[in-house]
Amino acid sequence: MRFPREVQREMGFALYRAQLGRKHENAKPLKGFGGAGVLEVVEDFRGDTYRAVYTVRFPHVVYAIHAFQRKAARARKTSSRDIDRIRKRLREAEEHHASWLQDR
């Protein structure tokens, strides 16, 4: 909710497209996560860069994993702190999805 409204709308639209089984034009696979199951959307707004990471690995569901503002304007890679957070939340999504399937 701390993102500018315009960025929130674009990130929300990307997640909506993912729910429909489509891919937003700014979505791309996040490197290091084995293919196109984990994607990131990158939005630039007024000199700042914002990212949202989500997964479409699981049938019938899209999990928003992490959203953050890029701190260093010249940084090429996602920080190891953010990658660790993404890995942790992806494991939690896997556990949640397995539990959800059992409860159905």
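This tour moves through a predicted model one selection at a time and states what is found at each stop.

**Stop one: helix 2**

Begin by selecting residues 80-103, which form helix 2. The helix contains 24 residues, and the distance from its first C-alpha to its last is 35 Å, close to the 34 Å expected at 1.5 Å a residue. Which residues of helix 2 are buried? They are Asp82, Ile83, Ile86, Leu90, Ala93 and His97.

Keep helix 2 in view and select glutamate 92 and lysine 88. Their side chains meet in a salt bridge, at 2.8 Å from N to O. Both residues lie in helix 2, four residues apart, which is about one turn of the helix. Glutamate 92 has a relative accessible area of 37% and is therefore partly exposed. Lysine 88 is also partly exposed, at 46%. As a general point, side chains of opposite charge can pair when their charged atoms come close.

**Stop three: from helix 2 to a loop**

Now select glutamate 94 and arginine 57, whose side chains form a salt bridge at 3.5 Å, N to O. This pair links distant parts of the chain: glutamate 94 belongs to helix 2, whereas arginine 57 sits in the loop between strand 3 and strand 4, 37 residues apart. Are these two residues buried, partly exposed or exposed? Glutamate 94 is partly exposed, because its relative accessible area is 36%. Arginine 57 counts as partly exposed at 37%.

For another of them, select glutamate 40 and arginine 51, whose side chains meet at 3.5 Å, N to O. Here too the pair links distant parts of the chain, with glutamate 40 in strand 2 and arginine 51 in strand 3, 11 residues apart. Both residues are buried.

Centre the view on glutamate 40, in strand 2 (residues 38-45). Its relative accessibility is 6%, so glutamate 40 counts as buried.

Then turn to arginine 51, in strand 3 (residues 48-55). This residue counts as buried because its relative accessibility is 7%. Besides the salt bridge with glutamate 40, the side chain of arginine 51 makes a polar contact with the side chain of threonine 78, at 2.4 Å. With neighbours within four places in sequence left aside, the contacts of arginine 51 include Phe3, Met11, His66 and Phe68.

Where does leucine 20 lie? Leucine 20 is in the loop between helix 1 (5-19) and strand 1 (27-29). With a relative accessible area of 44%, leucine 20 is partly exposed.

Key. Residues are numbered from 1 along each chain as its sequence is written. This is a predicted model: local features need pLDDT of at least 70, side-chain atom pairs count only at pLDDT 80 or more; totals for chains, interfaces and linings use all residues. Side-chain values use heavy atoms; hydrogens and water are left out. Helices (H or I, at least four residues) and strands (E, at least two) are DSSP runs, numbered from the N terminus. Buried means under 20% relative accessible area, exposed over 50%, partly exposed in between (1.4 Å probe, protein chains only). A polar contact is a pair of N or O atoms within 3.5 Å; within protein, one must be able to donate a hydrogen and the other to accept it, and residues adjacent in sequence count only if both atoms are side-chain atoms. Contact means heavy atoms within 4.5 Å. The expected span of a helix is 1.5 Å times one less than its number of residues. A salt bridge is a side-chain nitrogen of Lys or Arg within 4 Å of a carboxyl oxygen of Asp or Glu.
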